[in-house]
Amino acid sequence: MLSYSWEDEACPWCGSKGNCVSHGSYMRSMADFTYGKAVYGEICVLRLCCTSCGHTHAILPDVIIPYSVYGLFFILRVLAEYFLPLYTVEKLCARFGISVSMLYRCCEPGVGNDAVGA
């Protein structure tokens with residue numbers, strides 16, 4: 001995010017170009033899978049405000065799933081290990097620190113943001 005330039009960004013609400021200004025940031029929890037372990041941490045998310053319409057927007061990195069604590073690579077790893085079947089459902093859930101219901105929500109076809117939510 002250090003190289004992100006929002007000055008020419010179009011507002012997703014009103015479409016005006018070049019009117020987004022920095023509006024602070026917030027910390028967001030995220031689950032990832034690194035070096036064979038589930039890792040939980042925080043990332044800083046940039047907020048912008050459109051001076052044309054007044055709406056604010058969060059600029060999420062591409063590895064973040066909106067409205068979810070689980071990162072993209074975390075979900076992909078869970079799915080890969082589920083469909084390979086390397087572990088039983090119980091062991092897989094313990095390995096990733098998730099519930100059985102969360103595992104099955106990840107595996108549903110056409111999973112939307114609400115199904116992957118925290």
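Phe96 counts as buried, since its relative accessibility is 0%; here buried means under 20% relative accessible area, exposed means over 50%, and partly exposed lies in between (1.4 Å probe, protein chains only). The model is predicted, so that local features need pLDDT of at least 70 and side-chain atom pairs count only at pLDDT 80 or more, while totals for chains, interfaces and linings use all residues. Residues are numbered from 1 along each chain as its sequence is written, and side-chain values use heavy atoms, with hydrogens and water left out.

### Overall arrangement

The protein has 4 helices and 3 strands, and along the sequence these elements follow the pattern β-β-β-α-α-α-α. Both kinds of element are DSSP runs numbered from the N terminus, helices being H or I with at least four residues and strands E with at least two. Of the 118 residues in the protein, 31% are buried. Among the contacts with a separation of 6 or more, 49% join residues 24 or more positions apart, a contact being heavy atoms within 4.5 Å.

Helix α2 spans residues 89–96, and Leu92, Cys93 and Phe96 are its buried residues. Seen down the helix axis, the buried residues of α2 fall within an arc of 100°, so they line one face of the helix; the arc is taken over the directions from the axis to the C-beta atoms. Glu90, Lys91 and Ala94, on the other side of α2, are exposed. The partners of the buried residues are β1 (20–34), β2 (37–50), α1 (72–83) and α3 (100–107), against which they pack. Just after the helix, Gly97 takes a positive phi of about 70°.

Two packed helices are described by the angle between their axes and the distance between the axes. The axes are lines fitted to C-alpha atoms, for helices over the stretch in contact, and angles run from 0 to 180 degrees between N-to-C directions.

Helices α1 and α3 pack at an angle of about 90° with their axes 10 Å apart, which makes α1 roughly perpendicular to α3 (under 35 degrees counts as roughly parallel, over 145 as roughly antiparallel, 65 to 115 as roughly perpendicular and the rest as oblique). From α1, Ile75, Val78, Leu79, Tyr82 and Phe83 meet Met102, Leu103, Tyr104, Cys106 and Cys107 of α3. By class, this contact has 10 nonpolar, no polar and no charged residues, where Ala, Val, Leu, Ile, Met, Phe, Trp, Tyr, Cys and Pro count as nonpolar, Asp, Glu, Lys and Arg as charged, and the others, Gly among them, as polar.

The axes of α2 and α3 come within 9 Å and cross at roughly 95°, and these two helices are therefore roughly perpendicular to each other. Here Val89, Leu92 and Cys93 of α2 meet Val100, Leu103 and Tyr104 of α3, and the residues of the contact divide into 6 nonpolar, no polar and no charged.

### Aromatic pairs

Rings of Phe, Tyr and Trp (its six-membered ring) pair if their centres lie within 6.5 Å, and planes under 30 degrees apart count as stacked, over 60 as edge-to-face and the rest as tilted. By this rule there are 5 aromatic pairs. Tyr70 and Phe74 form a stacked pair, because their ring centres are 5.1 Å apart and their planes lie at 25°; both Tyr70 and Phe74 are buried. The rings of Phe74 and Phe96 have centres 5.6 Å apart and planes at 80°, so this pair is edge-to-face. That pair links distant parts of the chain, with Phe74 in helix α1 and Phe96 in helix α2, 22 residues apart. Ring pairs join Phe33, Tyr70, Phe74 and Phe96 into a cluster.

Ala38 is found in strand β2, and its C-alpha atom is separated by 5.5 Å from that of Phe96, 58 residues apart along the chain. Leaving aside neighbours within four places in sequence, Ala38 is in contact with Asp32, Phe33, Phe74, Arg95 and Phe96. Asn19 is found in the segment before β1, and, with neighbours within four places again left aside, Asn19 is in contact with Cys49, Cys50, Thr51 and Ser52. The C-alpha atoms of Asn19 and Cys53 are separated by 9.1 Å, the two residues being 34 residues apart along the chain.

| Residue | Relative accessibility | Class |
|---|---|---|
| Asn19 | 26% | partly exposed |
| Ala38 | 24% | partly exposed |
| Phe74 | 1% | buried |
| Phe96 | 0% | buried |
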